[in-house]
Amino acid sequence: MKRIAVVPGSFDPVTLGHLDVIIRAAGLYDEVHVLVVHNPGKTALLPIAQRVSLIETSLAEAGAPANIVVASWSMGLLVDYVTDVGAQVLVKGIRSQIDVAYETPMAIVNRNLAGVETVFMLPNPAHAHVSSSLVRQVSALGGDIAPYVPGAVARFLTAPHAVDVR
């Protein structure tokens with residue numbers, strides 16, 4: 001049986017911590033779906049299609065394994081996508097106790113709804129303090145985001161055509 005995992009997130013934008021978790025998950029599973037999801041509780045900086053494109057470019061530039069699929073999902077439950085692709089597990093990056101407290105109830109509900117397990121992965125400690133919201137804030141205030149995001153994201157957000165992050 002093929003071991004398939006889904007790494008969901010808003011990835012607005014994708015960070016080096018996200019990439020670390022995605023690539024390490026690809027080493028543990030036969031197929032990994034990076035799923036860009038719409039979070040109704042957040043106002044997005046980047047459209048979903050742009051986030052998908054930046055993840056694909058970032059993975060290619062990082063030399064990521066070929067067993068990674070990037071997709072998006074904006075309608076229905078996350079577990080609907082997971083079961084549609086035959087995945088058995090969700091992989092979530094956990095940076096702190098706050099993330100554990102936030103993710104645990106969702107993991108329990110996903111298990112109850114569809115029998116989908118959740119695996120928590122710790123990021124590389126060099127990236128454990130970085131979040132997409134922190135990157136957006138640093139960028140909006142004119143700071144250097146290059147240490148926190150893949151090159152494709154840094155180039156996109158600092159390009160003259162880039163979205164206004166203020």
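**Close-up views of a predicted model**

**View 1. Arg155 and its salt bridge to Glu61.** Arg155 counts as partly exposed because its relative accessible area is 46%. The structure shown is a predicted model. Arg155 pairs with Glu61 in a salt bridge, and the closest N and O atoms are 2.5 Å apart. Glu61 belongs to helix H2 and Arg155 to helix H6 (residues 151-158), so this pair ties together parts 94 residues apart in sequence. Glu61 is likewise partly exposed, because its relative accessibility is 46%.

**View 2. The salt bridge between Asp12 and Arg51.** The closest N and O atoms of Asp12 and Arg51 are 3.8 Å apart, and the two residues form a salt bridge. Asp12 sits in the loop between strand S1 (4-9) and H1, whereas Arg51 is in helix H2 (residues 48-61), so the pair ties together parts that are 39 residues apart in sequence. Are Asp12 and Arg51 buried or exposed? Both are buried. The count for the model comes to nine salt bridges.

**View 3. Arg136 in a salt-bridge network.** A network of salt bridges links Asp12, Arg51 and Arg136. Arg136 is placed in helix H5 (residues 132-140). Its relative accessibility is 22%, so Arg136 counts as partly exposed; Asp12 and Arg51 are both buried. In sequence, Arg136 and Asp12 are 124 residues apart. In space, their C-alpha atoms are 8.3 Å apart.

**View 4. Helix H4 and its bend.** H4 has 18 residues. From its first C-alpha to its last, H4 reaches 26 Å, close to the 26 Å expected at 1.5 Å a residue. Where does H4 bend? The bend is at Glu103 and amounts to about 30°. A proline, Pro105, follows within four residues.

**View 5. The buried residues of H4.** Asp99, Glu103, Ala107 and Asn110 are buried in H4. An α-helix has 3.6 residues a turn, so residues three or four places apart point the same way. Which elements do the buried residues of H4 pack against? They pack against helix H3 (78-84), strand S4 (89-93) and strand S5 (117-121).

**View 6. Arg95 and Asp99.** A salt bridge joins the side chains of Arg95 and Asp99, at 3.1 Å from N to O. Asp99 has 13% relative accessibility, so this residue counts as buried. Arg95 is partly exposed, because its relative accessible area is 37%. Asp99 is one of the buried residues of H4.

**View 7. A nonpolar surface patch.** Leu77, Val109 and Leu113 make a nonpolar surface patch of about 270 Å². Val109 lies in helix H4 (residues 97-114). Why does Val109 count as partly exposed? Its relative accessibility is 43%, and partly exposed residues fall between the 20% limit for buried and the 50% limit for exposed. The buried residues of H4, by contrast, include Ala107 and Asn110.

**View 8. Asp20 and its contacts.** Asp20 is located in helix H1 (residues 16-26). Asp20 counts as buried because its relative accessibility is 16%. Which residues does Asp20 contact, leaving aside neighbours within four places in sequence? The contacts are Leu122, Pro123 and Asn124.

Definitions and conventions:
Residues numbered from 1 in each chain as written. Predicted model: local features only at pLDDT ≥ 70, side-chain atom pairs only at ≥ 80, totals over all residues. Heavy atoms only, no water. Patch = residues over 30% accessible without salt bridge, like charges linked within 9 Å, V, L, I, M, F, W, Y side chains within 5 Å. Areas by Shrake-Rupley, 256 points an atom, 1.4 Å probe, with all protein chains shown as cover. Salt bridge = Lys/Arg side-chain N within 4 Å of Asp/Glu carboxyl O. Helix = DSSP H or I, 4+ residues; strand = E, 2+ residues; numbered from the N terminus. Buried < 20%, exposed > 50% of the residue type's maximum accessible area, 1.4 Å probe, protein only. Expected span 1.5 Å × (residues − 1). Bend = angle between axes of the 7 residues up to and from the residue. Contact = heavy atoms within 4.5 Å.
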